[in-house]
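Subject: Structure handover

Hello,

Here is the structure we discussed, with notes on what came out of it. Please look through the model first and then read on.

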Amino acid sequence: MGGNTSAGAPLARRLRGHAGSVHGGRLAAHQRLVAYGLIAPSLLLILGVMAYPMVYTTFLSFHTRILTRPALGTRFVGLANYLRAVQDPLFRQVFGQTLYFVIASLALELAIGLGLALFLHRQFRGRNVVRGLILLPWMLSPVVAAFSWAWLLNDAYGLVNYLLVQGGIIQAPHSWLGTVGFAMPAIILVDVWRELPFVTVVLLAGLQSIPSEVREAARVDGASATGTFFHVTLPLLKPSILVALLMRTMMAVRLFELVFIMTKGGPASSTDVLATYTYREAFLNFNMGYASSLAVVILLVSLAMSLVYIRTMRSEGHLR
Amino acid sequence: MNWHRTAGRVALYIGVAGICVIALLPILWTFLTSFMTQEEVYRFPPTLFPAGFHYQNYFEIFGASQYRLFTLNSIVVTTTATLITMILGGSAAYAFSTVAFRGNFSLMLIVLVTRMVPGIALVIPLYMVAQRLGVYDTRTNLIVLYAATTLPLAIWLLKTAFDAVPQSLLEAARIDGCNEVRILYRIFLPAAAPGIVTALIITFLTNWNEFLLAQIFTSSPASKTLPVAVAELTGAEYGIHWGNLTALGMFLILPTLLLAVWVQRYVVEGLITGSVK
């Protein structure tokens, strides 16, 4: 985690010093002009495609705008869209389910990821190959991950049911994606499968940044293996855990592909989440005002997470 | 003692093998199913291995001109958007990294915050604008959207790579009388090459796998990409043809597999730089 910060910021300062000492202030001013010129195209693209839509979505969320009824125009309705959301039982269900998804998948990813990171931190032959292989689920197209797991979980022909029945764990094949109460856990497990590599790699990097002397010193002082883990390794790993949690929360609140392909939000809306609900309102019902208020909810959660993230990075000295 | 150690080793490798099987299972299943007939797929108990290599699925998919078009769209959109991101992002990151100008930090903050913005929060205005400008269902529109949404992370990864280039290297070249442009191409960029490759791969994969924007902004073979085509096959009205679906899916997996084998360490690097550094 460390390392790059010491080599980082001084570059700019030294470059400025170089220009100033040799050629005087005029070149420094010229350099700044070039810098703005280099950044301008990126900034315009980011502002046009990301910043402007964020502002306009927020604006729309206080208006009624139905694309299939253009005669209505864009009418200001104050907080009506948000009130409608709060009063809508489906929205409350969807919000709760999103929360359930985020908390359950994060808890599992963190617990399993930590175990996996500790496991892969050990020395063994072929370790690098394994570290490469476990990245595959994360690099894989979510669309492919969704349909292949949907088939593996199929009630009549799926491998999962076959193995569970053969192993005597269940009596008869079960329709995991077709039963309320089982569909969401199934999606959570597929998401854990997909995102575990990310959490593991971040935690592994954290583990590798802990000098081995620290743990050895604890062992020499008579600490047990579990004692060393809870009192030395875990506290030192805290920044990595926090980063993994924040990044994953931001990604989890926007869950879309898995639900869209595996269950379409069913059965009985039991796997519907904020992003799929917003998508339906916007692009099937063309209810842009109401959909915008839902998008703003997702946006606010993400922005809150990113502010905490940036603060963490700053306090860790990674951002100046 | 020795027996203990051997048992430990064996347990370790069983664990490793288990992890690998679970990580690879869906990919392996997709690969094997793409060579199966429809009867083989619907067989119980399920067969993992096809009776023989049945290439028909690939011929069926790529005999249909629309699937060739979807593949072409994916290639054109992904490579063009990735190139734009790398060129624009590289320029911006170079400026952020080497020039101390007014507003450097606050502009970098804008980049960091936009990186976290979920696509679903942007698509409503973007859809309305695309309709008004008449660019809905065009590759150009998708290219612009992809270039913009991958820029923030690319700038961050490239800035980190540029920050790590040792200043002494550049100083030495200057003393030798090298001009700044030559220094940039001969010394600076080669020194930052691993970081540049990392940003390139992460950007490419993000664009190649992207689904939400493609699903919303494309509707005909004029611009539809592979992920949308695959998703459509999964929702087929008269039962899913798994052989065709998995054959098409293999084309979506292919770049990932190649990249995972060749350049996984860059991906690991990017993942870490993108989050903890």
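Predicted model: local features only at pLDDT ≥ 70, side-chain atom pairs only at ≥ 80, totals over all residues.

Helix pair α14(A) and α15(A)

Helix α14 of chain A covers residues 274–283 and helix α15 of chain A covers residues 288–315; their axes come within 8 Å and cross at roughly 160°. The two helices, α14(A) and α15(A), are therefore roughly antiparallel to each other. The crossing of α14(A) past α15(A) is left-handed. On the α14(A) side, the contact is made by A:Leu274, A:Ala275, A:Tyr277, A:Thr278, A:Glu281 and A:Ala282. From α15(A) come A:Met288, A:Tyr290, A:Ala291, A:Leu294, A:Ala295, A:Val297 and A:Ile298. By class, the residues of this contact divide into eleven nonpolar, one polar and one charged.

Helix pair α5(A) and α10(A)

A second pair in chain A joins helix α5 (residues 89–121) and helix α10 (residues 183–208), which pack at an angle of about 45° with their axes 6 Å apart. That angle makes α5(A) oblique to α10(A). The crossing of α5(A) and α10(A) is right-handed. Their contact residues divide into 18 nonpolar, five polar and three charged.

Helix pair α4(B) and α7(B)

In chain B, helix α4 (residues 65–98) and helix α7 (residues 139–163) have axes that come within 6 Å and cross at roughly 40°. Here α4(B) passes α7(B) in a right-handed crossing. The contact of α4(B) with α7(B) comprises 19 nonpolar, eight polar and three charged residues.

Chain A overall

Chain A has 15 helices and two strands. Its radius of gyration is 25 Å, well over the 20 Å that the globule rule gives for 320 residues, so chain A is more spread out than a compact globule. The C-alpha trace of chain A spans about 70 × 65 × 30 Å along its principal axes. Of the 320 residues in chain A, 42% count as buried. Taking the contacts in chain A between residues at least 6 apart in sequence, 67% join residues at least 24 apart.

Chain B overall

Chain B has 13 helices and zero strands. Along the principal axes, the C-alpha atoms of chain B fill a box of roughly 75 × 70 × 35 Å. Buried residues make up 51% of the 277 residues in chain B. Among contacts in chain B with a separation of 6 or more, 77% are between residues 24 or more positions apart.

Regards

Conventions. Residues numbered from 1 in each chain as written. Chains lettered and ligands numbered in written order. Axes fitted to C-alpha atoms, helices over the stretch in contact; angles between N-to-C directions. Helix = DSSP H or I, 4+ residues; strand = E, 2+ residues; numbered from the N terminus. Parallel < 35°, antiparallel > 145°, perpendicular 65-115°, else oblique. Left-handed = near helix turned anticlockwise from the far one by under 90°. Nonpolar A, V, L, I, M, F, W, Y, C, P; charged D, E, K, R; others polar. Contact = placed C-beta atoms within 7 Å. Rg over C-alpha atoms; globule rule 2.2 N^0.38 Å. Buried ≥ 20, exposed ≤ 12 C-beta atoms within 10 Å, placed from the backbone.
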